[in-house]
Amino acid sequence: MRKFYIVGFALLLLFDTLGQSSFKLTAIHAQPLAADWDWISRVFTQPWVYIAIAGYIGAFFTWMMLLKKAPVGPAFAASHLEVVTVMLVSTFLFHEHITNIRILGAIFIVAGIIFLALAEKEIMETEEHTKDDEPC
């Protein structure tokens, strides 16, 4: 089961990060932004927009599979690791700077996910002990 979660969340992060990065690449290549048919044409002639859509479709199906088995609270929190992965990828693709505040924010996100996972583990262990103590 643990392998399922690791692979599942890794895929979710991959698909989400791919989608976000591809949307940014689409926006960069479709400039200037304008509410007209020329801009829409520029958007949909960019291959990145289709990669972004594929990323979100992949994320959707991965998320549905994860929610079948994972508790929704920790799963939802873990899905927010995307904020960290997009930040890291953006430094390489878009030459964005990682500031100390962003690093601190990423640390808080990761710490929050760890705490939620530990709490969920504790709840599951408590429920298992309670079931063992119940008379048959």
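Helix packing and local features

Trainee: At what angle do H1 and H5 pack?
Mentor: This is a predicted model, in which local features need pLDDT of at least 70, side-chain atom pairs count only at pLDDT 80 or more, and totals for chains, interfaces and linings use all residues. Residues are numbered from 1 along each chain as its sequence is written, and side-chain values use heavy atoms, leaving out hydrogens and water. Axes are lines fitted to C-alpha atoms, for helices over the stretch in contact, and angles run from 0 to 180 degrees between N-to-C directions. The axes of H1 and H5 are 9 Å apart, and the angle is about 50°.

Trainee: How are H1 and H5 oriented to each other?
Mentor: Angles under 35 degrees count as roughly parallel, over 145 as roughly antiparallel, 65 to 115 as roughly perpendicular and the rest as oblique. The helices, like strands, are DSSP runs numbered from the N terminus (H or I, at least four residues; strands E, at least two). H1 and H5 are therefore oblique.

Trainee: Which residues of H5 make the contact with H1?
Mentor: Contact means heavy atoms within 4.5 Å. From H1 come Leu-13, Asp-16, Thr-17, Gln-20 and Ser-21. On the side of H5 the residues are Glu-82, Thr-85, Val-86, Val-89 and Leu-93.

Trainee: Is Thr-17 buried or exposed?
Mentor: Thr-17 is placed in helix H1 and touches Thr-85, Val-86 and Val-89, not counting residues up to four places away in sequence. Buried means under 20% relative accessible area, exposed over 50%, and partly exposed in between (1.4 Å probe, protein chains only). Because its relative accessible area is 9%, Thr-17 is buried.

Trainee: Is the crossing of H1 and H3 left-handed or right-handed?
Mentor: Helix H1 (residues 2–29) and helix H3 (residues 47–69) pack at about 155°, with axes 8 Å apart, and are therefore roughly antiparallel. A crossing is left-handed if the near helix is turned anticlockwise from the far one by less than a right angle, and right-handed if clockwise. The crossing of H1 and H3 is left-handed.

Trainee: How far is Val-43 from His-29, C-alpha to C-alpha?
Mentor: Val-43 lies in helix H2 and is buried, with a relative accessible area of 9%. Leaving out residues up to four places away in sequence, Val-43 touches Thr-26, Ala-30 and Val-49. Val-43 and His-29 are 14 residues apart in sequence, and their C-alpha distance is 7.8 Å.

Trainee: Which residues does a cis peptide bond join?
Mentor: Most residues other than glycine have a negative phi, and most peptide bonds are trans. Pro-32 is placed in the loop between H1 and helix H2 (37–44). The cis bond has an omega of about 0° and joins Gln-31 and Pro-32.

Trainee: What is the phi of His-95?
Mentor: His-95 lies in the loop between helix H5 (82–93) and helix H6 (100–133). His-95 counts as exposed, at 62% relative accessibility. Its phi is positive in a residue other than glycine, near 55°.
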